[in-house]
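Hi everyone, thanks for coming. Today I'd like to walk you through one metal site and the strands around it. Let's have a look together.

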Amino acid sequence: MGPTRAAIRVIESAMAVPAGSSPPAPVCPPQNTSIFSPATEQAARITEVTWLVIGICLLIFVVVEALLVYAIIRYRRRRDAGPHDPPQVYGSGPIELAWTVVPILIVVVLGLVATRGVFSIDTEHPPPHALPVSVIAHQWWWEFRYPDQGIVTANELVVPLSDPDEPRPIALSLQSADVVHSFWVPRLAGKKDVFPHRINTIWFDPTTAGVYHGQCSEYCGRQHAHMLILVRVLPKPEWEQWVRAQQAPAAEVPSGAAGREIFLSTACVKCHTVRGTPADGTFAPDLTHLQSRTTIAAGTLANTHENLLRWVTDPQQVKPGCNMPAMQLRPDQIEQVVAYLETLH
Ligand SMILES: [Cu+2]
């Protein structure tokens with residue numbers, strides 16, 4: 001007990017919010033992430049297998065518990081002394097056979113059903129006409145690249161609604177820039193690990209518009225819990241509009257001129273890209289259309305003026321251990337840089 005308590009205290013103190021900062025306010029309305037409310041056929045297959053496993057296990061549980069309760073009552077110790085022991089069966093062929101064969105059958109059935117499920121959503125061969133998107137996991141954010149559209153964005157995956165008459169599934173290729181992560185948006189598809197030096201694939205056919213949340217689901221370091229995946233499924237015309245907006249280089253707006261100068265003269269440009277400017281770093285999220293995203297820092301903060309100020313002032317206060325340093329700018333410079341960031345629609 002002692003060592004456990006001590007360990008818990010260590011963990012609690014490591015997780016404590018640094019003094020002087022309040023925990024971030026909720027970013028966006030919490031979304032349903034239950035595997036029991038699948039929104040694609042691919043996720044529904046997984047739910048089916050889950051229910052089957054639960055059903056069989058429940059049946060076994062009920063049978064075993066019923067026999068147990070029966071045995072407890074039937075063969076309980078009673079006041080009247082007398083032989084109440086059950087008949088002692090030893091080495092009964094039929095019983096041995098039954099409890100060997102039935103579990104084997106159950107395992108085989110579960111194995112077959114799960115295998116059929118896996119093959120029906122075979123990830124090696126995404127269906128034709130799928131929209132390819134490369135997912136690159138970073139400590140601690142997600143990069144999304146659309147090779148056919150020439151788009152690079154972060155943390156919020158925007159995809160077109162698939163038309164049942166002319167399905168257009170989304171084919172993701174998953175890679176990591178550093179450690180092992182895991183991509184999981186429970187209502188859209190299964191969970192897939194994301195490795196460095198290896199490409200994994202996963203696909204889903206989004207047939208219901210809406211916002212879907214997911215999380216990195218393989219512990220990947222200190223900010224693992226702040227690696228939200230936000231998937232927005234838009235009707236096709238809206239998606240096409242989004243694509244056109246993303247393809248454009250960053251607009252140059254007069255209100256951002258002063259901040260732009262500061263941005264371009266600091267190390268920001270070594271890590272971040274803003275297309276249409278000399279900033280071409282690929283280490284960190286592409287900021288060309290930062291304002292098209294509802295959150296920053298992988299769902300840690302809502303994308304608001306106050307939060308951008310807070311972030312640029314000291315990312316380590318918001319997301320301790322993250323790979324962006326406090327840039328040591330003066331408060332007036334921070335105001336200007338944020339004013340610039342706010343022009344990046
Ligand atoms: Cu991760």
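Let's start with two strands: S6 and strand S9 (residues 210-216) pair in the antiparallel sense, over 2 bridges. Strands here are DSSP runs (E, at least two residues), numbered from the N terminus, and two strands pair if DSSP finds at least two bridges between them. A quick word on the source: this is a predicted model, so local features need pLDDT of at least 70 and side-chain atom pairs count only at pLDDT 80 or more, while totals for chains, interfaces and linings use all residues. Residues are numbered from 1 along each chain as its sequence is written, and side-chain values use heavy atoms, with hydrogens and water left out.

Within that pairing, Phe183 has Cys216 in S9 as its bridge partner. S6 (residues 181-184) is also joined to strand S7 (residues 192-194) by 3 bridges, again running antiparallel. There, Ser182 is partnered with Asp193 of S7.

Now, which protein atoms are the donors of the copper ion? They are His181 (ND1), Cys216 (SG), Cys220 (SG) and Met227 (SD), at 2.1 to 2.6 Å from the ion. Donors are N, O and S atoms within 2.8 Å of the metal (3.2 Å for Na, K and Ca); water is not among the atoms, so sites may look incomplete. Along the chain, their spacing reads H-x34-C-x3-C-x6-M. Cys216 sits in strand S9 and Met227 in the loop between S9 and strand S10 (228-234), so this pair ties together parts 11 residues apart in sequence.

Finally, are these two buried or exposed? Cys216 counts as buried at 3% relative accessibility, and Met227 counts as buried at 0%. Buried means under 20% relative accessible area, exposed over 50%, and partly exposed in between (1.4 Å probe, protein chains only).

How values were computed
Helix = DSSP H or I, 4+ residues; strand = E, 2+ residues; numbered from the N terminus.
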